[in-house]
Amino acid sequence: MTHTVLVTGVSRHIGARVASVLAADPDIGRVIGVDTVPPPSLTRDGGISLGRTEFVRVDLRSPDIAQVIAAADIGTVVHMSLVSAPSRSGGRAAMKEHNVIGTMQLLGACQRSATVRRVVVRSTTAVYGSSPRDPAVFTEDLEPHDGPSHGYAKDAVEVEGYVRGFARRRPDVTVSLLRFANFMGPGVDSPLTRYFTQPVLPTVLGFDPRLQFVHEDDAVEVLRRMATEDHPGTFNVAGVGVLLLSQCTRRAGRPSLPLPAPAFTTLGNAARGLGLVEYSPEQLRLMSHGRAVDTSRLENELGWRPKFTTAAAFDDFLRSRRLQPFGGVRR
């Protein structure tokens, strides 16, 4: 049976890709993409097109999103609109409003809808935080020792709380909560990808954290499956394996600059003030203690594994930026 899918955050790369792949599905009647600004011309860098996606300009913080859901008889909502770094114009306060208040408005509209039967929410493994007391690998049921207290990660924790509340109030709706590792790939522009393209990579002296990535192609495939099939629950999404930060710097062919934590923080504040690279406090913790998650629940649920390992996803990103390892050999 054909139905209508709503995708939020379609002006950004992953959101646009998700809308595009859903719009190509003949079993989906309509795809409506919403965002605060129209999608840019997405025909560069791989020829991404939104296809037959219908764009509606909506600020999720406004009640207008409820009108869109009601008017279009939305059956599935794919919430991709969480932003991981503040814009230069809006700052951190606007980012939090967009992430948290916007999600509250969206879920409120879904709760009042008589047609919504499936809700898929993009979250992040950053909800686990980064601490020296963390387990080697996080499963979905483990609680962090030191949960996030600021930034994008704290927003995601709050968003997840509202999602769980919605799931309790609407048990008839299939709710899928996806905790993605850091996106990586040719089209990804994030604080972490911008970090790895710097001429010199500052690191925290005395630490060599484990990092995990998910390739954008695998992320889109997981989102496609969750949007078209019923898979309730919370799932970690990441490529197999980990990379040490030192391995990443060698693969990128970039010299590292070990700095004491206070100096790393000072440099981060200066870079953020200049609008260069986002060295947030949560980035400092990640660059100190790292993070790894277990993805067996997702693999068992879908009967599927990501095509790209963490290392392969990072290498594909490096190739797209024409970055080469020292000596031309992967280590």
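**Ground rules.** I number residues from 1 along each chain as its sequence is written, and side-chain values use heavy atoms, with hydrogens and water left out. Because the model is predicted, local features need pLDDT of at least 70 and side-chain atom pairs count only at pLDDT 80 or more, while totals for chains, interfaces and linings use all residues.

**Sheet.** I looked up the strands, taken as DSSP runs of E with at least two residues, numbered from the N terminus; helices are runs of H or I with at least four. Seven strands form an open sheet in the order 3-2-1-4-5-6-11, with parallel pairing. Two strands count as paired if DSSP finds at least two bridges between them. Strand 3 (54-57) and strand 11 are the edge strands, each pairing on one side only. From one strand to the next the twist averages 20°.

I then checked one pair. Strand 2 (residues 30-35) runs parallel to strand 3 over four bridges. Ile32 stands opposite Glu54 of strand 3.

**Cores.** Next I looked for nonpolar cores, meaning sets of buried Ala, Val, Leu, Ile, Met, Phe, Trp, Tyr and Cys residues joined through side-chain atoms within 4.5 Å. Buried means under 20% relative accessible area, exposed over 50%, and partly exposed in between, with a 1.4 Å probe and protein chains only. The largest core has 31 residues, and Val7, Val18, Leu22, Val78, Leu178 and Leu223 touch the most other members. Among the elements that each supply at least two residues of this core are strand 1 (4-8), helix 1 (13-23), strand 6 (174-180) and helix 6 (216-228). A second, separate core of 28 residues includes Leu60, Ala72, Cys110 and Val163.

**Helix pair.** The axes of helix 7 (residues 245-252) and helix 11 (residues 310-320) come within 10 Å and cross at roughly 30°. Axes are lines fitted to C-alpha atoms, for helices over the stretch in contact, and angles run from 0 to 180 degrees between N-to-C directions. Cys248, Arg251 and Ala252 of helix 7 meet Ala311, Phe314, Asp315 and Leu318 of helix 11.

**Thr249.** Thr249 lies in helix 7. I count Thr249 as buried because its relative accessibility is 6%.

Conventions: Contact means heavy atoms within 4.5 Å.
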